[in-house]
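Open the model in your viewer and keep the selection tool ready. We will go stop by stop.

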Amino acid sequence: MTRDMFDVKRAKNGRPVHHWRRDVVELAALFTAVAVADVTADLVGHGPDGPALLVISAIALAATAGFHVWWARRHGHAPPAGDTGARPSAEVRQAGPSAESAAAPEAVAGASTLWRMRTTVKDQPGSLAALCTALAGRRVDILSLQTHPLAEGTVDEFLLRAPGGLAAAEICRAVSLAGGAGTWIERADAHDLVDAPTRVLGLAARTALDAAELPLSLRQLLGRCTIRSLPAAPAGKARGPEAVPVEGVLEDTVMRLRAPEGGVITVERPYLPFTPTEFARARALVELDARLGPRVPHGRDVLTLPEGDAITVRRADPRDLQAARAMHERCSARTLGMRYHGPVADADRYLNHLLSPRFGRTLAVETASGRVVGLGHLLWDGDETEVALLVEDDWQRRGIGGELLRRLVAMAVDAGCESVYAVTQASNTGMVAAMRGLDLPLDYQVEEGTLVITARLDATPVVSRPPYDGGAAQQPPAGRIARD
């Protein structure tokens, strides 16, 4: 289940600071302004020198406004003098001449910061040279440059190395003065140092090995964006998405591509329009995925439970539909209700969606006889990630759910997810215990009897390892994992 069943409002951390002195000053200024306005109105209306007084007042007001602008520019936007301990924001900002300097890195002597920047310039000789000269004047090094020609101009995308004390607003102000328009800037990291062709080839290789990698590859290809895969026939009686042509649709900040199985892949990012080059790359990646067809890694792990039973954990796909349906039939109504938060009217459609690698990754637990007794799902929910578990009644409370959850979280870490969440009920003590067993920072939210537990992965102790690499088979000791 995704979080679409209800709307969870996330609270902000911390409280606003109340500055009572500022309130007193503003109140006094308001009363003073009213009194001055009343006196001025009386003088203008009844005094002999009313027009002259009005002109003098206008000149004084203009002078005061000019002084205020000069003072604000000199003292109001200075970068912090030292490290505040705050984590830099990862969100994309529109950065014009008046952009905030909150995105500035810590001013550390001798340090440098990587930035990704995009700006639009006129398609005429000398425009790019003017940008480069402006950046060089502030000791900003251009590490890479990509150009995206458009009808109304050219979009230039830079990877920059700037002095640590140079704020993002200062960079964008220099770009604006040099002729750049619609400038956007965000922090970059070492992964952005890879040149574009190498990065695209690497993403294509990842997608070729595993169909579940397509959404992640698109996100890395296009930067911070929200990707949603909509099935052609959603579960229940919901209407399917509007069909898109084979070549896809590009609409400013939204692109819609035809999914290989007939649904729609929607890619959206705020404010920053997609270029035709980005659209062509994304369309080529989806076409590659469609030509290769359904595929998942075939490795498997063998785990010996404390009771001595051996189980196998492997990746699942739509070919496991019959086995998954049989497990549903063996599960009690209470177990299914805990998992799906109500009766399952059409299990086939739910399972088709959950087992599809287009919407995430699924792990299956098999007994020695080949019976599926547990399923764990890692589902891409827009820019968030959901985890869900279902373990057959006779196999519960043996550590299977915790083992599945740890593996799913390790996959989420490998995929670069910042957090995972589970939607369950407060009475589902097994799921709550499994989430607590991760030893991760957890956030709890309750609404109308539904519990949402979010685990933050930025400080995860989960050991990330290549899942199911198909190494040589070994007989594991009790409670240990072996490859085969």
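How do α5 and α7 lie to each other: roughly parallel or roughly perpendicular? Select helix α5 (residues 196-209) and helix α7 (residues 276-292). They pack at an angle of about 25°, with axes 10 Å apart. Angles under 35 degrees count as roughly parallel, so α5 and α7 are roughly parallel to each other. Their crossing is right-handed.

A note before moving on. This is a predicted model, where local features need pLDDT of at least 70, side-chain atom pairs count only at pLDDT 80 or more, and totals for chains, interfaces and linings use all residues. Residues are numbered from 1 along each chain as its sequence is written, and side-chain values use heavy atoms, without hydrogens and water.

Now show the side chains between the two helices. From α5, pick Ala196, Leu203, Ala204, Thr207 and Ala208. They meet Arg281, Leu285, Leu288, Asp289 and Leu292 in α7. Contact means heavy atoms within 4.5 Å.

Next, select threonine 335 in helix α9 (residues 333-340). Its relative accessibility is 8%, so threonine 335 counts as buried (under 20% relative accessible area, with a 1.4 Å probe and protein chains only). Leaving out residues up to four places away in sequence, threonine 335 touches Leu390, Val391, Asp393 and Gln396.

Last, colour by pLDDT, the predictor's confidence in each residue, from 0 to 100. The chain's mean is 75, and 69% of its residues reach 70 or more. Find strand β11 (residues 310-315): confidence is highest there, at a mean of 92. Strand β18 (residues 481-483) has the lowest, at 31. Finish at residues 460-484, where pLDDT stays under 50.

How values were computed: Axes fitted to C-alpha atoms, helices over the stretch in contact; angles between N-to-C directions. Helix = DSSP H or I, 4+ residues; strand = E, 2+ residues; numbered from the N terminus. Parallel < 35°, antiparallel > 145°, perpendicular 65-115°, else oblique. Left-handed = near helix turned anticlockwise from the far one by under 90°. Buried < 20%, exposed > 50% of the residue type's maximum accessible area, 1.4 Å probe, protein only.
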